Amino acid sequence: MQNVTLADGTVIRALTTHAERADAVHLQEETWGAGFSEKVPAAILLVAEKTGGVAAGAFSPDGRLLGFIFGLTGVRDGTLIHWSDILAVRPEAQGRRMGEALKRYQRDRLKALGVDRMYWTFDPFVARNAHLNLNVLGAAVDEFVPDMYGSDTGSHLHGALGTDRFVARWPIQRNPVPMPSDESLTAGAPVVAERDEAPTAFPDAPVVAVRIPHDYNALLAGDMTVARAWRAAARAAFLHYLPRGFHVTAFVPGHGRDATYLLSR
């Protein structure tokens with residue numbers, strides 16, 4: 001696939017030199033901390049590009065690595081799939097839709113290879129990531145996994161609250177459909193997890209709402225007790241409803257207020 005040039009002159013392309021791959025490792029350390037146990041080494045970034053995976057960067061006009069994306073291609077149930085493992089953007093490039101551009105570059109490369117679908121994980125409590133993945137890119141929630149990467153990755157971003165994750169599923173060979181985000185969709189849905197309290201018994205309703213903070217990082221910095229209790233309530237709700245045939249069918253970002261997942265049977 002050819003390089004992609006964005007309107008501001010940023011070029012997205014494969015990582016081609018050891019120095020570029022080493023810089024991608026440094027970017028992981030800058031993003032998640034030097035003690036991050038799950039960082040991907042330069043050798044694996046090299047191997048990925050040689051075996052149908054993606055290890056690509058977004059470079060400023062002067063050659064600075066602004067962000068990068070990494071994933072591996074494999075087979076699941078006889079179908080060619082891709083697991084997108086790492087996406088990082090430097091602070092000065094955030095807010096410029098760099099992450100979205102990297103994801104779409106990745107998708108275009110995989111489409112040419114005949115990959116059927118892509119998977120990746122995201123923290124259900126980070127509203128801005130949920131909005132990008134579900135409302136903008138049009139991914140679906142495939143499953144919920146408690147502590148997917150263990151209870152402590154050594155990253156200051158993950159902290160001491162574990163690594164509960166949604167697994168996102170994104171179609172490659174057909175057009176994705178963005179998830180609805182209209183607040184009116186939540187009208188009348190019982191709230192089964194939120195900041196102040198959670199029900200002692202989960203209601204038997206066709207549609208339920210799970211609320212999350214609009215800014216999880218600010219909550220962590222302000223009140224760990226509330227953050228821990230709220231995350232535990234959301235985990236309990238996801239573990240109760242999703243195995244019972246419910247699916248995440250809408251995400252309402254909140255725009256400065258608490259965000260909401262809508263779970264429908």
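# Close-up views of a predicted protein chain

**View 1. The whole chain, sized up.** For 265 residues, a compact globule would come out with a radius of gyration near 18 Å, and the protein chain has 19 Å, which agrees. That radius is taken over C-alpha atoms, and the globule rule is 2.2 Å times the number of residues to the power 0.38. This is a predicted model, where local features need pLDDT of at least 70 and side-chain atom pairs count only at pLDDT 80 or more, while totals for chains, interfaces and linings use all residues. Residues are numbered from 1 along each chain as its sequence is written, and side-chain values use heavy atoms, with hydrogens and water left out. Along its principal axes, the C-alpha trace spans about 55 × 40 × 35 Å.

**View 2. What the chain is built from.** You'll find six helices and twelve strands here; these are DSSP runs numbered from the N terminus, with helices being H or I of at least four residues and strands E of at least two. Of the 265 residues, 47% count as buried (under 20% relative accessible area; exposed is over 50%, partly exposed in between, with a 1.4 Å probe and protein chains only). Take the contacts (heavy atoms within 4.5 Å) with a separation of 6 or more: residues 24 or more positions apart account for 65% of them.

**View 3. Helix α1 meets helix α2.** Helix α1 (residues 18–32) packs against helix α2 (residues 42–50) at an angle of about 120 degrees, their axes 8 Å apart. That makes α1 oblique to α2 (under 35 degrees is roughly parallel, over 145 roughly antiparallel, 65 to 115 roughly perpendicular, the rest oblique). Axes are lines fitted to C-alpha atoms, for helices over the stretch in contact, and angles run from 0 to 180 degrees between N-to-C directions. On the α1 side, look for His18, Arg21, Ala22, Ala24 and Val25, which meet Ala42, Leu45 and Leu46 in α2.

**View 4. Ser37, in the loop.** Ser37 sits in the loop between α1 and α2. Its relative accessibility is 47%, so Ser37 counts as partly exposed. Asp116 is 79 residues from Ser37 along the chain, and their C-alpha atoms are separated by 30 Å.

**View 5. Thr260, tucked into a strand.** Thr260 belongs to strand β12 (residues 259–264). With a relative accessible area of 8%, Thr260 is buried. Setting aside neighbours within four places in sequence, Thr260 is in contact with Thr186, Ala209, Val210, Arg211, Ala250, Phe251 and Val252.
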